[in-house]
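Please open the structure in a viewer and keep the selection tool at hand.

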Amino acid sequence: MIEAQALSKRYGAKTAVDAVSFTVQPGKVTGFLGPNGAGKSTTMRMIVGLDNPSGGRVTVNGRPYAQHGAPLREVGALLDAKAVHTKRSAYNHLRAMAATHGIPNSRVKEVIELTGLGPVAKKRVGGFSLGMGQRLGIAAALLGDPHTVILDEPVNGLDPEGVQWVRHLSKGLAAEGRTVFLSSHLMSEMALTADHLIVIGRGRIIADAPIQSIIDGQGKARVRVRADRPQDLLGSLAGEGVTAQVLEPELVEITGVDPRRIAEIALRERVLVYELTPLQVSLEDAYMELTQTEVEYHSHDLPTADQAAAPLEGR
Amino acid sequence: MATSTSPAPAQQRPRQNRDSGSGVNFGRVLKSEWIKVTTVPSTVILIVSTVVVMVGLAALASWAISITQDEIQSAGAPQGGPGGPGMEGFNAAEQAWMIPSSGLIFGQLLIASLAVVLIASEWATGMIRSTMVAVPKRMPALLAKNVIIAAIAFVIGAGSAFLSYLVAQPILGGDLDFGLTTDGVLPSIVNTGTYLALIAIISMAIGTLLRNTAGGVVTAVALFFVVPLIIVNLLSGLADWIPDAARFLPTNAGDQLVAITTQSDALTQWEGGLVMGAWALVLLVVSLVVTQKRDV
């Protein structure tokens, strides 16, 4: 279990993390989602004591990370795939990490097999691909068989097979009752992996809820309707705070009301309805909706010369 | 997925390793740092080349001394006088006793580089984050690194000095060869190790504070070589206190530590050792305190 209370980090005048409070529960995969520069990595670095908070505190299993006697057995963290001496082999890197906790070499070999590093374990890390580096980082995180696993952008640079492997690994660890805290800026990956989501934007928590409720709550119900006289239907729905988009003479998309209510109105108004399809809101849509006011660097389609020369927005 | 709000059953907790034998202790951190030093090729190469350079320099020095001695004798014999003019200051025997420590002048350069590289390369590669996640109290990791590098430097220094002593005897020949029991020779050999150990600690502190390999090596070389040279050659005439103060520079003090005989106005062997030790201790403490507070 990870608990952050009013956790802040400031670099000079810039606030990277702004008094965030959250709890990461054991037994499920918690996704930490946010655009680049939102404060995900900084928050994770504070959890394992690499950065000192400017304010607030964060504990893992009830204590600050540095106060655990066997930190690698409490928390395994992949923070930066390149946190390895490039001239050392993967095997020796893991051996040096393991030695600090008296973790036996048999466990080192175990995590090498588990992460599929076997064929390259004796090679220098400097020659590793990004994906291999990620696997080594995950191997290091699992060395101490920890209760809490923190992975910062673990699927970065992995091939599709590797992405799937991380997904299964995360779910497997959570199913064993461990705390799994996973950051990503890829919403689609989170939709497949996470049970619970904490969304962060510009250093603030925007949402902290089960993934299903984020999908349900943010994206309002949207329904595609084909009917004989859609205008009559829309007229009767007007009082219920809906918005509608007429796509074809007999095809409309209605937002803000559920399909059953539409069917009721149609029955009452005796409008023939021959299609009534609820449109699932993707997590991606929900995410964009959550963060569109919170991203630090907006991109523009086809910027003009004026815009390109203008200072960054959102400052 | 939808059931994620229900807490995990307690019996599903993973097996726990919280027994006291499973955590971080200083011995384990030492072992980890030892693994790190011995598994990067460049450090091993630096260690080997330091020994080769130190013993090689000592062999050259012995050769030079024995040639000089021969020249003095051949020049002195036909005249029948007590040594030629200009040669009065040359005491070949005393020079010979300094042979074991004569490799220091370059040995310290290599050891300083090794110490800076050991710590600064961790920042350059990002390894420092792995180190400090494994040992989040930080101080044990840095102390262990210092102990390892100081021990390596001591063994290299004392070992090379002893090897140099052995190599020098046949080169010096029957007139100048000397035994370990000769006054001051054995302490000088041991203190060659002490000198390098202190150089290593000072250099590692510099590397820790600067977190940059090139900057660290340049700063260490400046402190050990350039500053003493500038003071001796350029500044010492400006004021009386300057050469006085220069005695307290780490390498100048260290020279007294390995010296066989010390002049009356210089620091004694003990004083030299203590001054150099003070440099190492102060810089070590500063580097520990700064590392403790700094973000990694």
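**First stop: a residue and its surroundings**

Select Val48(A) and display what lies around it. Setting aside neighbours within four places in sequence, Val48(A) is in contact with Tyr65(A), Val75(A), Ala77(A), Leu79(A) and Ile150(A), and also with Val133(B). Please bear in mind throughout that this is a predicted model.

**Second stop: the nonpolar core**

Now widen the selection from Val48(A). The largest nonpolar core has 122 residues, and Val48(A) is among those with the most contacts inside it, together with Leu94(A), Ile150(A) and Phe181(A). Which helix supplies the largest share of this core? Select residues 185-210 of chain B: this is helix α7, and the largest share, 11 residues, comes from it.

**Third stop: where the two chains meet**

Colour chain A and chain B separately. The contact between them takes 50 residues from chain A and 41 residues from chain B. An interface is often described by the accessible area lost when the parts come together. Here chain A and chain B bury about 4,000 Å² between them, with 53% of it on carbon and sulfur atoms.

How many salt bridges are counted between chain A and chain B? The count is one. To see it, select Lys9(A) and Asp295(B), which form a salt bridge whose closest N and O atoms are 2.6 Å apart. Between chain A and chain B, 15 residue pairs are in polar contact, with both residues at pLDDT 80 or more.

Next, highlight three elements of chain A: β1 (2-11), α2 (71-74) and α3 (90-99). Each supplies at least two residues of the side of chain A that touches chain B. The element that gives the most to this side is α3(A), with six residues.

Select Asp145(A), in the loop between α5 (130-142) and β6 (148-152) of chain A. Asp145(A) is not a glycine, yet it has a positive phi of about 50°. Is Asp145(A) buried or exposed? Its relative accessibility is 11%, so Asp145(A) counts as buried, the cut-off being under 20%.

Glu153(A) has a positive phi of about 50° although it is not a glycine. With a relative accessible area of 12%, Glu153(A) is buried.

How values were computed. Residues are numbered from 1 along each chain as its sequence is written. Chains are lettered from A and ligands numbered from 1 in the order in which they are written. This is a predicted model: local features need pLDDT of at least 70, side-chain atom pairs count only at pLDDT 80 or more; totals for chains, interfaces and linings use all residues. Side-chain values use heavy atoms; hydrogens and water are left out. Contact means heavy atoms within 4.5 Å. Buried area is the accessible area (1.4 Å probe) that two parts lose on being put together, summed over both. A salt bridge is a side-chain nitrogen of Lys or Arg within 4 Å of a carboxyl oxygen of Asp or Glu. A polar contact is a pair of N or O atoms within 3.5 Å; within protein, one must be able to donate a hydrogen and the other to accept it, and residues adjacent in sequence count only if both atoms are side-chain atoms. Helices (H or I, at least four residues) and strands (E, at least two) are DSSP runs, numbered from the N terminus. A nonpolar core is a set of buried Ala, Val, Leu, Ile, Met, Phe, Trp, Tyr and Cys residues joined through side-chain atoms within 4.5 Å. Buried means under 20% relative accessible area, exposed over 50%, partly exposed in between (1.4 Å probe, protein chains only).
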